[in-house]
Every structure is written in C-alpha cells, then in structure tokens.
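Here is a friendly walk through one model, from its loops to its sheet and helices. Please keep the sequence and the 3D view at hand while you read.

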Amino acid sequence: MRLRGKTALITGAAGGIGSAVALCFAEEGATLVLSDIDLDGCQTVCREIREHDGKAWAAGADVISEEEIVDLFAAIRKTEGRLDILVNIAGGDLDPFSGADSISSEAIDRNLSLNLRSCMLSCREAVKIMQPRKYGRIVNMSSLVYRGAEQQFSYAAAKGGIASFTRSLALSLGQSNITVNALAPALVDVPVFRKALGSERWEALSRECASRYPLKRVARPIDVAKAALFLASDDASFITGQILEISGGARL
Ligand SMILES: NC(=O)c1ccc[n+]([C@@H]2O[C@H](COP(=O)([O-])OP(=O)(O)OC[C@H]3O[C@@H](n4cnc5c(N)ncnc54)[C@H](O)[C@@H]3O)[C@@H](O)[C@H]2O)c1
C-alpha cells in the first residue's frame, strides 16, 4: 500500500477524473478528504470507499470562493491535524468554442478563477500545513491544452498558468521536502462529456482525437489516476516541477 498513513485532499472528487483518483488512492491506504461543489457526489464516492474498508470523508467547497477554500483547509487541520497530499482537480472549461474576436472579460475571469486562482489559493493553504512537517506532495491538474488550443483561449491560458505556477512552487518548496507536479491529460473519457455532447457527438469526437494519438485511443480516468498516484507516492520523491503529459503520445 503506497499511501498507507497519508492524508490526502482531492478537490473535484465527485467528477470523472477526481472520483477515479479517490478510489485509486483509497486502495493504496490513504485517508481521504473528498471535496467538490457537488457534495452529494462526494458522499457517493465516500460511501463506495467505505464499503471497501477505506477511509474517506466529504467536504463541500466552491473553489471559486477564497473563504470556502480557507474553511476547507481549516476543517482538515482540525480533523486530521495533517495534510500529506493535495490533488487539485476541480476545474473545467467554462468558455469553450469562443472565437478569437469574441473573448470576453467575464469568460476570462470565470476560467482563471475556476482553474488557476483556485489552484494557487489551495496550494497556499496546503503549504501552511505541510511546511512545518517538512513533507508534502502536491499534484495540480493542467491539461495538454497548456501548449495552446484553438478556441479554448482562457482555459488554455489558465492551464498554462498552472504549469508555470507548478514549476515556481516547486522551486520554492523543494527545501521543505514538498514536491509539486502537474498532470496534463489529452482527452479523457468522462461522463460529463457524454452528457453534454450526447453519445453520437462524443463518439465522433473521441474517435477523431484517438486517430491523432499514437496509442489510438483517448485516455480513461484510471490512466490519469495512476499517474496521480505515482506523483503523490514516495516512488516520485525526487521528481518535482514536472508537467506529466498523459496523452497517448499526442503532440510529440
Ligand atoms: N476530461 C478531460 O478530457 C480533461 C483533460 C485535461 C484536463 N482535464 C481537467 O481535469 C479536471 C477534472 O475534469 P473531469 O474531466 O473529471 O470533469 P468533471 O466535470 O467530471 O469534473 C470536474 C469536477 O469539478 C467540480 N467543480 C466544478 N466547479 C467547481 C467549483 N467551483 N468548486 C468545486 N468544485 C467544482 C465539478 O463538480 C466536478 O465534479 C478539470 O480540472 C479539467 O480541466 C480534463
């Protein structure tokens, strides 16, 4: 069990990737704090973990709110007294398919708040708990679009911001034995896409993307979860400041 004795917070834990990470970490013995704006969804994942003798509790928090982030970490400090691992997964593209001539300030603010600002503030709060104990593993969620993506201007900029923030944090936290890395997945097959696009459009999109990836399929949530597990475990204790592309070789 690679995470036995460790306490981990996962944000976005009710989602497709977040719930896969939660289940994977639970199997490896971590005590989990699962957070999401969707508290019911977190509770469902918690129940599944407990049915398999894992340890998990749920805490609702909207990561757009600084106050709710601060309260979330205060609750962890009070209940667990420690935090070894933070996986910042909450996010998503709130302004897909906009044209270069119609980028709006509202959309920029929404995507930067949800994806970048939330990650930066959560890391700040985590560091306050991790630094005195001289131990921490932070895994942030970027995306392959950090390299740039047509029609995803503010989302790609936010995910690019996460990549540079991750490297900056890694530089300053190494001396405290805190590693900071980011995941950059290509397209992942998650329920939210099927729901938003409908089965037919989703199948067409995923087939088209898969045909461009050398491994000829899109990612599954478990592919991302296994990479998060590696970076959160002591197997990766000498790896920091890295952006790990989980892309089936896309954009090589
Ligand atoms: N699915 C992909 O293809 C893909 C690829 C690269 C990166 N990502 C990133 O992975 C992460 C997870 O995405 P997913 O594919 O599992 O989608 P998802 O929609 O299933 O998961 C996102 C989760 O974040 C939560 N969330 C949204 N707004 C929130 C808020 N304000 N406060 C707290 N929680 C909030 C949602 O409730 C949801 O549970 C996101 O950061 C996304 O940008 C996804």
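Lys134 sits in the loop between α4 and β5 (136-141). Before going further, note that this is a predicted model, in which local features need pLDDT of at least 70, side-chain atom pairs count only at pLDDT 80 or more, and totals for chains, interfaces and linings use all residues. Residues are numbered from 1 along each chain as its sequence is written. Helices (H or I, at least four residues) and strands (E, at least two) are DSSP runs, numbered from the N terminus.

Lys134 is not a glycine, yet its phi is positive, near 50°. Another loop, the one between α5 and β6 (178-185), holds Asn177. Asn177 is not a glycine either, and its phi is also positive. To describe their surroundings, a residue is called buried if 20 or more other C-beta atoms (placed from the backbone) lie within 10 Å of its own, exposed if 12 or fewer, and partly exposed in between. The table puts the two loop residues side by side.

| Residue | Phi | C-beta neighbours inside 10 Å | Class |
|---|---|---|---|
| Lys134 | near 50° | 10 | exposed |
| Asn177 | about 60° | 15 | partly exposed |

Now to the sheet. It is open, has seven strands in the order β3-β2-β1-β4-β5-β6-β7, and its pairing is parallel. Two strands pair if DSSP finds at least two bridges between them. At the edges are β3 (55-60) and β7 (243-246), each pairing on one side only. On average, and ignoring direction, neighbouring strands of this sheet are turned by 20° against each other.

How are the strands β1 and β2 joined? Five bridges link them, and the two run parallel. Within this pair, Leu9 has Val33 of β2 as its bridge partner. Strand β2 (residues 31-36) also pairs with β3 in the parallel sense, over six bridges, and there Ser35 stands opposite Ala59 of β3.

Is β1 enclosed or open to the outside? Five of its five residues are buried, so β1 is largely enclosed by the rest of the structure. In a regular strand the side chains alternate between the two faces of the sheet. In β1, Thr7, Leu9 and Thr11 are buried on one side, and Ala8 and Ile10 are buried on the other.

Helix α3 lies across β1 (7-11), β2 and β3, and runs at about 160° to β2. Such axes are lines fitted to C-alpha atoms, for helices over the stretch in contact, with angles from 0 to 180 degrees between N-to-C directions. The axes of α3 (residues 66-80) and α4 (residues 105-130) come within 10 Å and cross at roughly 30°. That crossing makes α3 roughly parallel to α4, a term for angles under 35 degrees. From α3, the contact draws on Glu66, Ile69, Val70, Phe73 and Arg77, and from α4 on Ser118, Leu121, Ser122, Glu125, Ala126 and Ile129; residues are in contact if their C-beta atoms, placed from the backbone, lie within 7 Å.

Finally, look at helix α5 (residues 153-173), which includes Ala170. Ala170 is partly exposed, with 19 other C-beta atoms within 10 Å. Leaving aside residues up to four places away in sequence, Ala170 touches Thr179, Val180, Thr240 and Gly241. The C-alpha atoms of Ala170 and Ile239 are separated by 9.6 Å, although these residues are 69 residues apart along the chain.

Notes. Angles under 35 degrees count as roughly parallel, over 145 as roughly antiparallel, 65 to 115 as roughly perpendicular and the rest as oblique. Two residues are in contact if their C-beta atoms, placed from the backbone, lie within 7 Å.
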